[in-house]
Amino acid sequence: METEVSLELQRLSQQLQQSWKIVRTPRMKAILKIQDIACDAMRSYLRSEGFIELLPPIIGPVTDPGIRGAKQVTFDYYGREYKVMSSAILYKQAAMSGLGKIFFMSPNVRLEPIDSAFTGRHLVEFVQLDLEIAEATYFDAMSVAERLLCEAVNTVRDTCQSELEYLNRNLPRLTPPFKKLTYDETLEYLRVNGVKMRYGIEIPWDAEQLLSKLVGEPFFIIDYPRGARGFYDREDEKRPGILRDFDLIYPEGYGECASGAEREHRYEKVLARMKETGEDPRKYSWYLEMLREGIPPSAGFGIGIERLTRYLCGLEYVWEARLCPKLAGIHSP
Amino acid sequence: MQISNFILKLFLALHRVYSVYSDLAEIWRSYPFREIIERARNGVDAIYPRDVLKPSIMLLKGANIYKTPTRYATLDELLILPPAFTPLRLKRMSELLREPIFSDVDLRHRIGGFDVGMPVMVASMGSVQVANKVSLEVARGAARMGVPMGVGENVATTWGYSKRIRSSQPCFKERVLTYFEHMNDGLGGVTIQQSVEDAYGELWNRVYSDPDIEPYIQKGLVGFEIKVGQGSKPGLGGEVRLSREEAERLRDKYHFTEDPESSLRGSIERHSAPGTYVPEILRSMLRLMRNNYPRCRIWVKLGPFRDLPEVLDVLLSEGVDAVWIDGKEGGTGMSPYVSMRHLGLPLIAALCSVSGRLGVGNGSSSVIVSGRLYDGGHLVKCLCLGLDGVAFGRPVAVAGWVAGHRGVENYLKTVEIEAKMLISALGKYSVRDLSREDLGCLDRDIAERLGLRYVYG
């Protein structure tokens, strides 16, 4: 069936057929240099705060289910179905229980729905800086997230002037703390600006982009309603139905930067929440066993490296921030 | 004289034999000897309906749940009551500039976010061999008639997602794509169930990111259906009897009460989990589905539960696209006898329990029902009660077995014409004009509960 979607896919596909050549262009060199500097700045900052970087597990019997309609990569592992990590969330909690403050530079794969190829912000294969802090609240995690972003932005701004100039990017200096809007306030803010949405669902991409343009600086959306997130985001006991979680949003229409939460680590609660998300608990046996034995409470978040690069460099598409990018439905090298 | 004496003696002798027979028959009938003998002889096999001909025939025929026909009321308790004065016919006449007839009735409607040719749905038949085998014929026939079709649970897990596991059994994607390829004028749609076991293989995510299905998702023709329950076995999960070799293949994914490998029986029941719900779980699931699959319709199938009104309130407040209530009479192909006999509300009782919530404009949510419904009369009665349509399961499968996709089309056409006749008899020409004033009830209590006139009143 020749639809607009399939024509657009063909166009993108042609563009990406020789993606291995793009790395030779001065533009790509500038982008990757900025990415490297930003990663280095974030690593240094986290080490100075007492975090340990771990090598991320890439495959396992189960992975993060909270990936909004994307399909996990399943393969035959000596007679059993295994998954390629769609995020390292489950292993992050395991690592945190032993080491306290940890982070991974974690490669993730998500077979996103085809329409995500045109959003400019989705990749099938990407890397997340994924961190977890034992005994922390989501406010502690937000405080790390804002300082981490400032560190990355300000370091790039100070040390990559020629690259930024080449990319014609004027990067503002950032200072914490960032503004915090609750989910309810966000809905109201959108309503005032002419966007109506049903309570309880995630903020759609186009609305998020609009917010990102309107607010004018990085900001957090906090306290999502239950039902919008994975089973591991903790519910606020004093405010039933509200999760202790957050998204960090870039300014200028670049959308989501990071997503995080305080974790639900109590076995019975997780089991009930798994049912809400339509999950079969049998699948998560190792994780549930770990929770039943007991792990410390924690909070954490993940920040997508390619999206960060997109913001730093002012790119139109996230796939410009990656060597040989993979987009939904496109067979490219 | 001698001859008449002989006849008399013979008569008395026969009477004695008959008395002994009827006494014995009385004793036989007074206690379920047959059932107990069956159980003793056949063990677990006796729990499920069996047929002397062939087990698979049973699935098409359905169990004989009407052994005692007066046990509970059915839609036969309702009558459609045409008036002599028909102002809407006059109105239609002024539009047509001639006397309207039954073929002027417009049955097009909207169910669960799909535009449909008639307010009927082909019930979500799952992986049961006898239904799956004829599923491509059903898909083709339903698509041509503009009637949405459900694909039941376990099809992808049992028969493969895009490749056939067994050459004689269509796989999941064949069923879906056959439907889409035969659609007319964008009427209809496909809903897809995911059981707990299908969730293991992430069926919905797989469909949502499948390039072949994408164009249809884009057009809003795909729905995802949560099965909270099913007619004849509310509270129990899916049950299918599998050959031992199929059972061995699927042993890791399903529950078997005996090990397929060591079992001595030729076929073994595969049990599927019913799923666990409380209002919060259901609400959260619906929100998650809206988040994860914003371009798909959300359907929920319910069994005849005693708390239907509460469940319906949760579903309507979450704005699901369709709620489908399956009465006790539905899904009798492969249910334990004991559940068919003892579990759940008959359809008409289920309708009584939610009567106040029907036909009152539930936003964009549709409510449909099923359970031994098979003709235009059933359809029209349901529409008059404020429902948006009905689902047919077994009749469509039987029609497919009898004459392929043409059989399915023929069958659906008969329902269409019957419905048009009945609606036109009421002096109405559109589904939206039907209301409870068009029905009467033979039972005073049911009439009161459903807000209908009592026919003898």
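Which residues in α5(A) meet which residues in α11(A)?

Reply: This is a predicted model, in which local features need pLDDT of at least 70 and side-chain atom pairs count only at pLDDT 80 or more, while totals for chains, interfaces and linings use all residues. Residues are numbered from 1 along each chain as its sequence is written, chains are lettered from A and ligands numbered from 1 in the order in which they are written, and side-chain values use heavy atoms, with hydrogens and water left out.

On the α5(A) side the residues are A:Leu149, A:Ala152, A:Val153 and A:Val156, and they meet A:Leu308, A:Tyr311 and A:Leu312 in α11(A), where contact means heavy atoms within 4.5 Å. By class, these residues divide into seven nonpolar, no polar and no charged; here Ala, Val, Leu, Ile, Met, Phe, Trp, Tyr, Cys and Pro count as nonpolar, Asp, Glu, Lys and Arg as charged, and the others, Gly among them, as polar.

As to geometry, the axes of α5 (residues 138-159) and α11 (residues 305-313) of chain A come within 11 Å and cross at roughly 45 degrees. Helices (H or I, at least four residues) and strands (E, at least two) are DSSP runs, numbered from the N terminus, and axes are lines fitted to C-alpha atoms, for helices over the stretch in contact, with angles running from 0 to 180 degrees between N-to-C directions. The two helices are therefore oblique to each other, since angles under 35 degrees count as roughly parallel, over 145 as roughly antiparallel, 65 to 115 as roughly perpendicular and the rest as oblique. The crossing of α5(A) and α11(A) is right-handed, a term for a near helix turned clockwise from the far one by less than a right angle, anticlockwise being left-handed.

In the segment after α11 of chain A lies A:Arg322, which is buried, with a relative accessible area of 16%; buried means under 20%, exposed over 50% and partly exposed in between, with a 1.4 Å probe and protein chains only. Leaving aside neighbours within four places in sequence, A:Arg322 is in contact with A:Met28, A:Leu123, A:Glu125, A:Phe126, A:Val127 and A:Glu306.

Back in chain A, the buried residues of helix α9 (residues 267-276) are A:Tyr267, A:Val270, A:Arg273, A:Met274, A:Lys275 and A:Glu276, and what covers them includes α10 (285-293) of chain A together with α13 (279-292) of chain B. Between the two chains, 33 residues of chain B are in contact with 32 residues of chain A, and the area buried is about 2,900 Å², of which carbon and sulfur atoms give 55%; buried area is the accessible area (1.4 Å probe) that two parts lose on being put together, summed over both. In chain B, B:Tyr200, B:Arg287 and B:Asn291 lose the most area to chain A, together 22% of what that side buries.
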